[in-house]
Structures are given as C-alpha cells and as structure tokens.
Amino acid sequence: NQTGKTGETNDGMDIAFCCINSETLEMSFAGAHNPCWIFRQNSTQSFGENIINFIELPADKMPVGIFIKEKEFTEHVFQLQKGDTFYIFSDGYHSQFGGEKGEKFKVKRLQETLFKIQDKDLQAQKEILDKTIIDWQGRNEQTDDILIIGVKSN
C-alpha cells in the first residue's frame, strides 16, 4: 500500500522468482536484486571431461515496492537442459560475517563454492553449504535470513 508520499516508509523487498514448464523445461525468471545462477555440465567428446558452464540471469537493480526509478521488472525466458542445476537465493548467505578477518562471505565465494560442489547430488550440496557457512561464521551470530534454493532439471 505504499504511495510514494514524503515521509512514508519506502522499504522494498528483494526477491528471485521463477516459473518452470516441467514438460518443455522453459523457465521464466525475474529478480529484484537477486539473480538466478545456472550451472550446465557439458561433456567434451575428445577428452571425456565434464566442463561446467556458468550462466547468470541478472536481476534488476531495484526492489519490489516504491523505488525512485520504478520500472517494469525484466522477465528472462531461458531454456533449461536436462542436467542443469540452477539456484535462486536471498542475500543472506553471502552477507554472513566470519572467517579470519570477520568479513562477509561475499557473492564470489558463494559462486566458487557452488562450482566446487556441482558433482554432488542436491542433498550433499545442502550439507556442504550448511557446514561451509557454519564454519565461516564461527562464533559470529547469524545476521540475516539464509535461503538458497537449488533445482536440478531431469
């Protein structure tokens, strides 16, 4: 019910939202500050190696709610392939403080972690992500919500 009047609360919400056609594997995605990351495994025939490609569906740099430069959100339509794994997430995981210097985990470190665990099933990935952030935080308290949704297309 925000109207944009002076003095009114202008809090917005960051979100990642997707919809998948389970028959065609076509995905529609829109994000308010939160992107969608897709990891695609491609086998190289000559060497028999798996190469993981990273695809990012970018988020719009605005929240849901009243915003100075309010515009329509971008809808990304993407064709998933069997074996793709994608993630949508809040900013909570990469915003947690910890490590030796008490710094944030950061987006790059989250992306690197997800790259490293692509050979695992989703349950094992969850366990690794849980352990990684708990180890990172150490004695620091959780400072934000933590949500990562991972989906593997079959």
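Aromatic pairs to start. This is a predicted model, and the structure holds 8 aromatic pairs. Let me take two of them.

Take Phe54 and Phe115. Their ring centres are 5.9 Å apart. The planes meet at 45°, so this pair is tilted. Where do Phe54 and Phe115 lie? Phe54 is in strand S4, residues 50-57. Phe115 is in helix H1, residues 107-116. Now the surface. Phe54 is partly exposed, at 28% relative accessible area. Phe115 is partly exposed too, at 31%.

Next pair: Tyr93 and Phe105. Here the centres are 5.2 Å apart. The planes stand at 90°, so we call this one edge-to-face. Both residues sit in loops. Tyr93 is in the loop between strand S6 (85-89) and strand S7 (97-98). Phe105 is in the loop between strand S8 (103-104) and H1. They are 12 residues apart, and the pair links distant parts of the chain. Buried or exposed, this Tyr93? Tyr93 is buried, with a relative accessible area of 2%. Phe105 counts as buried as well, at 2% relative accessibility.

Stay with Phe105 for a moment. Its ring has a charge over it: the charged end of Arg109 sits there, 5.6 Å from the ring centre.

Back to Phe54 and Phe115. Which residues do ring pairs link into a cluster? Trp37, Phe39, Phe54, Tyr87, Phe89 and Phe115. So both members of the tilted pair belong to that cluster. Keep Trp37 and Phe89 in mind.

Now cysteines. How many disulfides does a search of the whole structure find? It finds 0. Look at Cys18. Cys18 is in no disulfide, and its nearest cysteine sulfur belongs to Cys36, 6.1 Å away. The cut-off for a disulfide is 2.5 Å. The two residues also sit in contrasting surroundings. Cys18 is partly exposed, at 21% relative accessible area. Cys36 is buried, at 0%.

What is the space in the largest pocket? About 220 Å³. Of the 13 residues that line it, the closest to the centre are Lys126, Leu129, Asp130, Ile148 and Ile149. Two elements give two or more residues to this lining: helix H2 (122-137) and strand S9 (148-152). H2 provides the largest share, 6 residues. By class, the lining divides into 9 nonpolar, 2 polar and 2 charged residues.

Then the second largest pocket. Its volume is about 160 Å³. Which residues line it? Among them are His33, Asn34, Pro35 and Trp37. Glu56, Pro58, Ala59 and Lys61 are also in the lining.

How values were computed: Residues are numbered from 1 along each chain as its sequence is written. This is a predicted model: local features need pLDDT of at least 70, side-chain atom pairs count only at pLDDT 80 or more; totals for chains, interfaces and linings use all residues. Side-chain values use heavy atoms; hydrogens and water are left out. On a 1 Å grid over the protein atoms alone, a cavity is a set of points where a 1.4 Å probe fits but cannot get out, and a pocket is an open set with protein on both sides within 12 Å along at least five of seven lines; lining residues have an atom within 4 Å of a point. Grid points are joined across faces, edges and corners, and a volume is the space filled by probe spheres set on the points. Helices (H or I, at least four residues) and strands (E, at least two) are DSSP runs, numbered from the N terminus. Ala, Val, Leu, Ile, Met, Phe, Trp, Tyr, Cys and Pro count as nonpolar, Asp, Glu, Lys and Arg as charged, and the others, Gly among them, as polar. Buried means under 20% relative accessible area, exposed over 50%, partly exposed in between (1.4 Å probe, protein chains only). Rings of Phe, Tyr and Trp (its six-membered ring) pair if their centres lie within 6.5 Å; planes under 30 degrees apart count as stacked, over 60 as edge-to-face and the rest as tilted. A charge sits over a ring if NZ of Lys or CZ of Arg is within 6 Å of the ring centre and within 35 degrees of the ring normal.
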